[in-house]
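Thanks for coming. I will go through one model today, starting with how its two sides meet and then taking each chain in turn.

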Amino acid sequence: MDIAVIDYKGGNVQSVLFALERLGVQATLTSDPEHIRRADKVLFPGEGEAASAMRELRAQGLDQLLPTLTQPFLGICLGMQLLGQHSEEGDTELLGILPFAVKRFAPDPEHKVPHMGWNTLQQLRTPLFEGLREEDYVYFVHSYYAPVGEYTIAQGAYPAPFSAAVQHQNFYAVQFHTEKSGPVGTRILQNFLSL
Amino acid sequence: MLTKRIIPCLDVKDGRTVKGVRFEGLRDAGDPVALAAQYARQGADELVFLDITATNQKRQTLVALVRDVARELDIPFTVGGGIGAVADVEALLLNGADKVSLNSAALHTPELIDELARRFGSQCIVVAVDARHTPETGWQVYTRAGTQATGRDAVAWCREAAERGAGELLLTSMSHDGTKDGFALDVTGAVCQAVTVPVIASGGAGRMEHFTDVFQQAKADAGLAASIFHFGEIGILDLKQHLRQAGVPVRI
């Protein structure tokens, strides 16, 4: 199986490669459009800031390529947010694959920003969450979020519900870090590889 | 619901864990990778590695350690200890560290926080603050492994670090560290009120109730300890069960 992890200087990609390696899967870190197009599976990790990530994607022509992909695709963290239409972070136009607009959490004394740590998942849908239970814990680190919509396939709450995972056709994406979420995260990655 | 985090801290020197960690069934207590994996299995929410290497090879050994840990560990970890240069931070993040913690370098050059947060995102920049209390000065920030007073007020420095872009603060009370008499609830509470980023409380944990207090009274987001976990005085699962019974949300 040819697995492409998209390289766009998007932060902690090494952890995603290691997580795949622990599953016995050798993935390739690449920004080559041809390689990405013919891969069996595509992972799109990301950390950092939306505007600079979009600049990098545009510089490599990946903003044109990604919406046309047809194989199973998994965005992680910022890699999920970038699939939306627009982000409040740097007033940024995104890839436009999913219909959501990304907003910033408003901190209050009980809810620090970033939303950082282990939180639970609710209302799980799709085979991505096969074998998981409602209220399973995963690890989040983010200051921006996608609201809940018909594309939401898992919800988190902080304190209001937000999209912990989204899906549109072959495009799956999670706000949390599958590669850092212990056995629960490993199972989600495994499920993705089986799609 | 977002849970309160329990974070064991491991001191490393020349790529090995130090401070006599005693773990049943662990053949090499100096192996940071085996130790980290053991803590992850026991339910630790995150780990912190504090590097106390003081040689020219520091950077290479630390990057190698981070890579080895990241290859095995499926929970997040932070690396700290004498880190200052942007290139060092980049190397540690690229090799799999989730967060990097700054201490003396941030005090010396506060603009470094802004630069690192801009470049890598606030989520991976932790500022560690060592504070000590005296009746004359109140809570003051110390530098150089807690040996040198800076004359800066601890709460004010924490606020500045957060405003400059730190995504998290690691607040250690030097007055409580090693006492096992409990966390510094007053200064931890004051910092938690002063900033909108998560705060890790450190220094003074000796009993399970100390964690309940720091979460419920001081509103800390995470509790960090070293020896009580390393010597098996408190098991992480036992601690989490205790916390859950006391009404503190934890991941079990």
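Two residues are in contact here if their C-beta atoms, placed from the backbone, lie within 7 Å. By that test, 27 residues of chain A are in contact with 28 residues of chain B.

Before the details, some housekeeping. This is a predicted model, in which local features need pLDDT of at least 70, side-chain atom pairs count only at pLDDT 80 or more, and totals for chains, interfaces and linings use all residues. Residues are numbered from 1 along each chain as its sequence is written, while chains are lettered from A and ligands numbered from 1 in the order in which they are written.

Back to the interface. Helices (H or I, at least four residues) and strands (E, at least two) are DSSP runs, numbered from the N terminus. On the chain A side that touches chain B, the elements giving two or more residues are α1 (13–22), β8 (115–120), β9 (137–142) and α6 (182–193) of chain A. The largest share of that side, 6 residues, comes from β8(A). For residue classes, Ala, Val, Leu, Ile, Met, Phe, Trp, Tyr, Cys and Pro count as nonpolar, Asp, Glu, Lys and Arg as charged, and the others, Gly among them, as polar. The side of chain A that touches chain B then has 11 nonpolar, 12 polar and 4 charged residues.

Now chain A by itself. Its secondary structure comes to 6 helices and 13 strands. Two strands pair if DSSP finds at least two bridges between them. An open sheet of 7 strands in chain A runs in the order β2-β1-β3-β4-β13-β12-β11, with mixed pairing. Its edge strands, each pairing on one side only, are β2 (27–30) and β11 (152–157) of chain A. From one strand to the next the twist averages 20°; axes are lines fitted to C-alpha atoms, for helices over the stretch in contact, and angles run from 0 to 180 degrees between N-to-C directions. Within chain A, strand β3 (residues 41–44) and strand β4 (residues 73–76) pair in the parallel sense over 3 bridges. There, A:Leu43 has A:Leu74 in β4(A) as its bridge partner.

How much of chain A is buried? A residue is buried if 20 or more other C-beta atoms, placed from the backbone, lie within 10 Å of its own, exposed if 12 or fewer, and partly exposed in between. Of the 195 residues of chain A, 52% count as buried. The C-alpha trace of chain A spans about 45 × 40 × 30 Å along its principal axes.

On to chain B, which has 10 helices and 11 strands. Of its 252 residues, 51% count as buried.

Two helix pairs in chain B deserve a slide. Helix α1 (residues 32–42) and helix α2 (residues 58–72) of chain B pack at an angle of about 35°, with their axes 9 Å apart. B:Pro32, B:Val33, B:Ala36 and B:Ala37 in α1(B) meet B:Leu65, B:Asp68, B:Val69 and B:Glu72 in α2(B). That contact has 6 nonpolar, no polar and 2 charged residues.

The other pair is helix α6 (residues 154–164) and helix α7 (residues 185–194) of chain B, at an angle of about 35° and with axes 9 Å apart. Among the residues making this contact are B:Cys158 and B:Arg159 of α6(B) and B:Ala190 and B:Val191 of α7(B). By class, the contact of α6(B) with α7(B) has 7 nonpolar, no polar and 1 charged residues.
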